[in-house]
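This report describes selected features of a single protein chain. Please keep the sequence and the model at hand while reading.

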Amino acid sequence: MLSRNASFVKGHTMSLEDYKFDGPGNIGTPDKPSVWLCGIEFGESENTNPALAAEEGFSVEKQWGWGYNQKAHKLLCCIEGHPISEAFEFAKARSIFASPDCDYMLTNLFPENCLTVDTWSIEAQERTGFASKIDYIAYVRNVCFKTMRAQVKAHKPKLFIGVGVAHERDFVDIVSEPEIKCELAEFKVGNHMKRIRLYPGETPLAVIPHLSSAGGLNSNESIEKAAKIIRERLL
């Protein structure tokens, strides 16, 4: 293992010990809670890293050029009860992820930029100090998740959406409580079955399929159906 000090983005240095939920948008307060949409890790596009969002710009127009963010806007629009056809106008009106005063935050479980969840480049090893991605993930879970769980308790998000069912246990460990049982919601789009995991509680948690993968919420129909379930069962 190398040093644990990580230079995640050129010009921006941080330590893994300091990692916590952060990102474009507004983390909210108990009096004015926001909706958190949490992925697994930052993509390799520099603009998706919250450390650069303020200086490079994170406008709704720019976000609509990124498939993940565009689908996120559509999902949030439908969760709020608006037609998916109004998603762009809705996102602009609400400044989703684009303003520190909006009612939404975009964040991730793990801080390192990776092309896919399976990749672990030499650059990633150098930035994090971990030769193995398994060891890096274990460290974040053991050290950072405590701080991240405390953040959820302190800020009390209106809704926490975890994107990526493979990491359901991570989302549950950070957001939910052991006594809260999962409510599985299933629906079909064409011949494909989609599944959403729902955890009601002080901070409602919805764990959804990825917004970009072939088996995920990759169509307007799947986004609309998922949003309806979340709105009706958790809000």
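The model is predicted.

**Helix 6**

Helix 6 spans residues 133–155 and has a kink of about 50°, centred on C144. C144 is itself among the buried residues of this helix, which also include K133, Y136, I137, Y139 and V140. Further along, F145, M148, Q151 and V152 are buried as well. The elements that cover these buried residues include those in the table.

| Element covering buried residues of helix 6 | Residues |
|---|---|
| Strand 3 | 35–41 |
| Strand 4 | 104–110 |
| Helix 5 | 122–128 |
| Strand 5 | 159–163 |
| Helix 7 | 168–175 |

At the start of helix 6, the backbone nitrogen of I134 has a side-chain oxygen of S132 within 3.2 Å. At the other end, the helix is followed by K156, which has a positive phi near 50°.

Strand 3 contains E41. Is E41 buried or exposed? Its relative accessibility is 13%, and buried means under 20%, so E41 counts as buried. The side chain of E41 makes a polar contact of 3.2 Å with that of K133, and K133 is one of the buried residues of helix 6. Apart from neighbours within four places in sequence, E41 is in contact with K133 and also with N108, F110, E112, C114, T116 and V117. L115 lies 74 residues from E41 in sequence, yet the two C-alpha atoms are 9.3 Å apart in space.

In soluble globular proteins, nonpolar side chains tend to be buried together. The largest nonpolar core here has 39 residues, and L37, F97, I161 and I208 have the most contacts inside it. Helix 3 (residues 67–79) supplies the largest share of this core, with 7 residues. Not counting residues up to four places away in sequence, L37 touches Y68, A72, L75, F97, M105, L106, T107, I161 and V163. A second, separate core has 30 residues, including F21, F42, Y136 and V175. Of these, Y136 is also listed among the buried residues of helix 6.

**Helices 3 and 4**

How do helix 3 and helix 4 cross? The axes of helix 3 and helix 4 (residues 87–94) come within 9 Å and cross at roughly 85°. The two helices are therefore roughly perpendicular to each other. On the helix 3 side, H73, K74, L76 and C77 take part in the meeting, and on the helix 4 side A87, F90 and A91 do.

Technical notes: Residues are numbered from 1 along each chain as its sequence is written. This is a predicted model: local features need pLDDT of at least 70, side-chain atom pairs count only at pLDDT 80 or more; totals for chains, interfaces and linings use all residues. Side-chain values use heavy atoms; hydrogens and water are left out. The bend at a residue is the angle between axes fitted to the seven residues ending there and the seven starting there. Helices (H or I, at least four residues) and strands (E, at least two) are DSSP runs, numbered from the N terminus. Buried means under 20% relative accessible area, exposed over 50%, partly exposed in between (1.4 Å probe, protein chains only). Contact means heavy atoms within 4.5 Å. A polar contact is a pair of N or O atoms within 3.5 Å; within protein, one must be able to donate a hydrogen and the other to accept it, and residues adjacent in sequence count only if both atoms are side-chain atoms. A nonpolar core is a set of buried Ala, Val, Leu, Ile, Met, Phe, Trp, Tyr and Cys residues joined through side-chain atoms within 4.5 Å. Axes are lines fitted to C-alpha atoms, for helices over the stretch in contact, and angles run from 0 to 180 degrees between N-to-C directions. Angles under 35 degrees count as roughly parallel, over 145 as roughly antiparallel, 65 to 115 as roughly perpendicular and the rest as oblique.
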